[in-house]
Amino acid sequence: MSNNHAVSKLDDLIVTTIDSIKGYEHSAEHAKDSAFASFFADMAQERRQVVALLQDESRRLGGTPADYGSAAATIHRRVEDLRRVLGGGDTALASEVERGEDYLKEEFERTLDDAKMEPATQAVIRDAYQSVLRGHDRARELKHGLRAAA
């Protein structure tokens, strides 16, 4: 079986995870509450580890892994800026982070459901997915906590 399919799927996950890193970094820079800024910075660091794991697997399969994010994520961060400036504050940041986490989780789930992926690569993706699940759940809790406090 060709590794091209797996490398392509890994690259998609890498780009999307780099988008997540940039989103968390962006949110950390703009959060008013230092606890949120710290959470966002911690998640960015955790996602860097996920990217490294996925990039290593891509290299193992003979790929040249991506090291860039997407244009769509840049636009997403500008929308986040707009919502924050219009008075959304940390609640807007949390909502946008959760939305990004939803997308990332879906991307990982689609890849995990791909029958063309070899078991060793699936295992690496499944390990990375655990971080995605934790981040997704923490972002959801953060958003709901902020809404309840408002």
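Begin by selecting lysine 9, which lies in helix α1. The model on display is a predicted one. Lysine 9 has a relative accessibility of 27% and therefore counts as partly exposed, since that class falls between the buried limit of 20% and the exposed limit of 50%. Then select serine 58, 49 residues from lysine 9 along the chain; the C-alpha atoms of the two are 9.3 Å apart.

Now display α1 and α2 together. Their axes come within 8 Å and cross at roughly 165°. Because an angle over 145 degrees counts as roughly antiparallel, α1 is described as roughly antiparallel to α2. The crossing of these two helices is left-handed.

Proceed to the largest nonpolar core, which has 35 residues; Tyr24, Phe40, Leu54, Phe108 and Ile125 touch the most other members. At least two residues of this core come from each of α1 (4–30), α2 (34–60), α3 (71–112) and α4 (119–149). Helix α1 supplies the largest share, ten residues.

Finally, centre the view on isoleucine 125. Which residues is isoleucine 125 in contact with, leaving aside its neighbours within four places in sequence? They are Leu10, Leu13, Leu54, Phe108, Thr111, Leu112 and Met117.

Technical notes: Residues are numbered from 1 along each chain as its sequence is written. This is a predicted model: local features need pLDDT of at least 70, side-chain atom pairs count only at pLDDT 80 or more; totals for chains, interfaces and linings use all residues. Side-chain values use heavy atoms; hydrogens and water are left out. A nonpolar core is a set of buried Ala, Val, Leu, Ile, Met, Phe, Trp, Tyr and Cys residues joined through side-chain atoms within 4.5 Å. Buried means under 20% relative accessible area, exposed over 50%, partly exposed in between (1.4 Å probe, protein chains only). Helices (H or I, at least four residues) and strands (E, at least two) are DSSP runs, numbered from the N terminus. Contact means heavy atoms within 4.5 Å. Axes are lines fitted to C-alpha atoms, for helices over the stretch in contact, and angles run from 0 to 180 degrees between N-to-C directions. Angles under 35 degrees count as roughly parallel, over 145 as roughly antiparallel, 65 to 115 as roughly perpendicular and the rest as oblique. A crossing is left-handed if the near helix is turned anticlockwise from the far one by less than a right angle, and right-handed if clockwise.
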